[in-house]
Amino acid sequence: MKKMVGLGEILWDVYPDERHLGGATANVAFHAANLGEEAIVVSRVGEDAPGAALIDILKSKRFYTGYIQRDPRKPTGCVKIHLDENGVPSFECGWDEAFDYLEWTGPLENLAGSADAVFFGILAQRMPGSRATIQKFLDAAPRALKVFDPNLRDFTEEIWPVLEASLQKANLLKINEDEEKTLRSFYRKEALSTEAFLGWLLMTFKLDAIYLTLGERGAFCCSKKGNVYAPGFRIHPVDTTGSGDAFMAAVVVEWLREVPLREILEFANAVGAYVATKEGAVPAYTRSEILKFKHTRSEKNGDPDYYDLAGRTGRHWE
């Protein structure tokens, strides 16, 4: 059993008629736990009723809550979510919330040294204090696989230094198609193909692999070992809020098991698709349920362009 750390935000996903536990890095930890790994959430909530409720949920799921700090002044984080007719969410994030003030402590330093994987993003690094804590944690985790999912929703030039520092510390990067376009534009690489740009990112930041999610069309991986593509599963989505987080948790679980790249993608696509058929970002499930789902879903959504990219097995980015 590997120790997976979700480092950053835990908060409430607030829908028009209900709320669910959320926060991208916390979500990934929950999905890793569903898949049988030891998962730990590192974050900060307010000394308020919403914060107490989040801690109660963690305890009910048998999570250790000793790394959830309490803030006497700032409120527990929340994100307002609206789903379109296809279950695709739009987000309205709060500001100046408890997770923005995550503090560096001795116990966090000890945890970092024992972690097998650390998931982190941009949101919890928007304030200097929490940013410093997250960067210190990454520096104190030399043996851990560092997994960066930026979740670039409102990209501004102010984010640039945080993005650069995070890319330099990451081993694995996960982005979606919109984020790939945003990064390509920011780095002024519009003339490059997707394959060439991902290869440039891989070499520039010395990454082990980049995972590009394609929604219903599956996912593409550009790695030092070559390119791999796996088509998506044909489903009727209910809520896709946590699909990307579920996908990346599955990638890391299988990566640490040294599973072949294509099998990693196929399994991760199945986890992401399964989660999209449920309500909320972190529904409960087991590995056996995912395997059953994977083996009983024969209809796929493929993309000829990415089949072509993956077919260029002779090209590597070392």
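Analyst: Start with a loop: Asn151 lies between S9 and H5. The model is predicted, so local features need pLDDT of at least 70 and side-chain atom pairs pLDDT 80 or more, while totals for chains, interfaces and linings use all residues. Residues are numbered from 1 along each chain as its sequence is written, and side-chain values use heavy atoms, leaving out hydrogens and water. Helices (H or I, at least four residues) and strands (E, at least two) are DSSP runs, numbered from the N terminus.

User: Why is Asn151 called partly exposed?

Analyst: Buried means under 20% relative accessible area, exposed means over 50%, and partly exposed is in between (1.4 Å probe, protein chains only). Asn151 has 24%, so partly exposed is the label.

User: What makes the phi of Asn151 worth a remark?

Analyst: Most residues other than glycine have a negative phi. Asn151 is not a glycine, and its phi is positive, about 50 degrees. Arg188 also has a positive phi, about 55 degrees, and is not a glycine. Arg188 sits in the loop between H6 and helix H7 (194-204).

User: Is Arg188 buried or exposed, and how do you know?

Analyst: Its relative accessible area is 75%, so Arg188 counts as exposed.

User: What pairs with S10?

Analyst: Two strands pair if DSSP finds at least two bridges between them. S9 (residues 145-148) has 2 bridges to S10, in the parallel sense. Here Val147 has Leu172 of S10 as its bridge partner. S11 (residues 209-213) runs parallel to S10, with 5 bridges. Ile175 stands opposite Leu212 in S11.

User: Which residues of H5 are buried, and what covers them?

Analyst: In H5 (residues 160-169), the buried residues are Val162, Leu163, Glu164, Ser166 and Leu167. Their cover includes strand S8 (117-120), helix H4 (128-139), S9, S10 and helix H6 (177-186).

User: Why is the packing of H1 on H8 called oblique?

Analyst: H1 (residues 24-34) and H8 (residues 243-256) pack at about 50 degrees, with axes 8 Å apart. Under 35 degrees is roughly parallel, over 145 roughly antiparallel, 65 to 115 roughly perpendicular, and the rest oblique. The angle of H1 to H8 is in the rest, so H1 is oblique to H8. Axes are lines fitted to C-alpha atoms, for helices over the stretch in contact, and angles run from 0 to 180 degrees between N-to-C directions.

User: Which residues make that contact?

Analyst: Contact means heavy atoms within 4.5 Å. H1 supplies Ala24, Asn27, Val28, His31 and Ala32, and H8 supplies Asp245, Ala246, Ala249 and Val253. They divide into 6 nonpolar (Ala, Val, Leu, Ile, Met, Phe, Trp, Tyr, Cys or Pro), 1 charged (Asp, Glu, Lys or Arg) and 2 polar (the others, Gly among them).

User: What makes S3 and S7 edge strands?

Analyst: The open sheet has 4 strands in the order S3-S2-S6-S7, with mixed pairing. S3 (19-22) and S7 each pair on one side only. The twist averages 30 degrees from one strand to the next.

User: How do S6 and S7 pair?

Analyst: S6 (residues 78-83) and S7 (residues 89-93) are antiparallel, over 5 bridges. Lys80 has Glu92 as its bridge partner in S7, and Leu83 stands opposite Pro89. Their hairpin has 5 residues between the strands, and Gly87 there takes a positive phi near 75 degrees.
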